[in-house]
Amino acid sequence: MSVPMYKKQNSLSTPVHKTNPFDSDSDSEGPSRAQSVPVRHTNQSVQELEDYAITKARETTHKVNDCVRAAEAIREDATQTMLTLHHQGEQIMRSHQVAAEIEQDLTVSEKLLGSLGGLFSKSWRPKRSQQIKGPVSGNNFSATTANDTEQRWKLGIVPARQERPSHVQTTPVSAMEKIQAETAKQDDALSDLCSTLGQLKEMAVDMGAEIDRQNKALVPFSDDVDELNFRLKGANQRGRRLLGK
């Protein structure tokens, strides 16, 4: 018996499964959703973030320490500059004092030159444009207090150090403890940096004041030296005239 063609087509075609409207989609979509939850990947990414934060915290600590070392090096150079300025101020004062002593000897020499020349020679009096005063006591560049503790601290020879209370150091275990430990180190380094910068500021102010005092002291010193040169020329002329006779 022959089978109709439409029945053969139905038998060869893919069977159609009827879905139950009361069935949930969890059975069909459950495995794909379970596979989409990256449990291990999430744990790995958190660990990477913690390591990254710790690394950056340590890098910041190293950079702050580098800044502290640079500031300390600048403080050492400023200390040497302060000492140089201090010695320079003492040299100016001593040179001015020597000029005043030369003026005393020159006065005696002028009296001797004036008394020479014979009976018929004219009396000679040295010409003076101004009086030599010598170094002013107010321009003593803290020579008497250079050895004091306060002055030595201003010069940077004995910089004051801030002592911090000792803390019981424990080995950090978690990432947050490691970051907090690095943060504490950064705070201590920044405190040292602020202290050093404050000292540098005070030293800069002292250097500026010292330079101003030296500039003011150089004005009368230069005037006295000019007066000495003028009087020495007159004394030399008087001596040549006497020798010519």
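**Figure 1. Glu-210 in helix α5.** Glu-210 is found in helix α5 of this predicted model. With a relative accessibility of 6%, Glu-210 counts as buried, because the cut-off for that class is under 20%. The side chain of Glu-210 is in polar contact with the side chain of Arg-213, at 2.4 Å.

**Figure 2. His-96 and the residues around it.** The position of His-96 is in helix α3. His-96 has a relative accessibility of 3% and is therefore classed as buried, under the 20% limit.

Figure 3. Which residues does Leu-228 contact, leaving aside neighbours within four places in sequence? They are Ala-99, Ile-102, Glu-103, Leu-106 and Ile-132.

Figure 4. Pro-172 is found in the loop between α4 (149-154) and α5. Is Pro-172 buried, exposed or partly exposed? The relative accessibility of Pro-172 is 30%, so this residue counts as partly exposed, the class between 20% and 50%. Beyond neighbours within four places in sequence, Pro-172 is in contact with Glu-177, Lys-178 and Ala-181.

**Figure 5. Cys-67 and Cys-194.** Cys-67 counts as partly exposed at a relative accessibility of 43%. Cys-194 has a relative accessible area of 56% and is therefore classed as exposed, the limit being over 50%. The count of disulfides in the model is zero.

Figure 6. For the protein, the mean pLDDT is 77, and 66% of the residues reach 70 or more. Residues 26-34 have pLDDT below 50, and this stretch has one contact in the model beyond near neighbours in sequence. Over residues 139-147 the pLDDT likewise stays under 50. For residues 139-147, however, the model has 20 contacts beyond four places in sequence.

**Figure 7. The whole chain, for reference to the close-ups.** The protein has five helices and zero strands, and its pattern along the sequence is α-α-α-α-α. Among contacts between residues at least 6 apart in sequence, 90% join residues at least 24 apart. Of the 245 residues, 22% count as buried. The accessible surface comes to about 18,900 Å², and carbon and sulfur atoms account for 55% of that area.

Technical notes: Residues numbered from 1 in each chain as written. Predicted model: local features only at pLDDT ≥ 70, side-chain atom pairs only at ≥ 80, totals over all residues. Heavy atoms only, no water. Contact = heavy atoms within 4.5 Å. Disulfide = S-S within 2.5 Å. Buried < 20%, exposed > 50% of the residue type's maximum accessible area, 1.4 Å probe, protein only. Helix = DSSP H or I, 4+ residues; strand = E, 2+ residues; numbered from the N terminus. Polar contact = N/O pair within 3.5 Å; in protein donor to acceptor, adjacent residues only side chain to side chain. Areas by Shrake-Rupley, 256 points an atom, 1.4 Å probe, with all protein chains shown as cover. pLDDT = per-residue confidence, 0-100.
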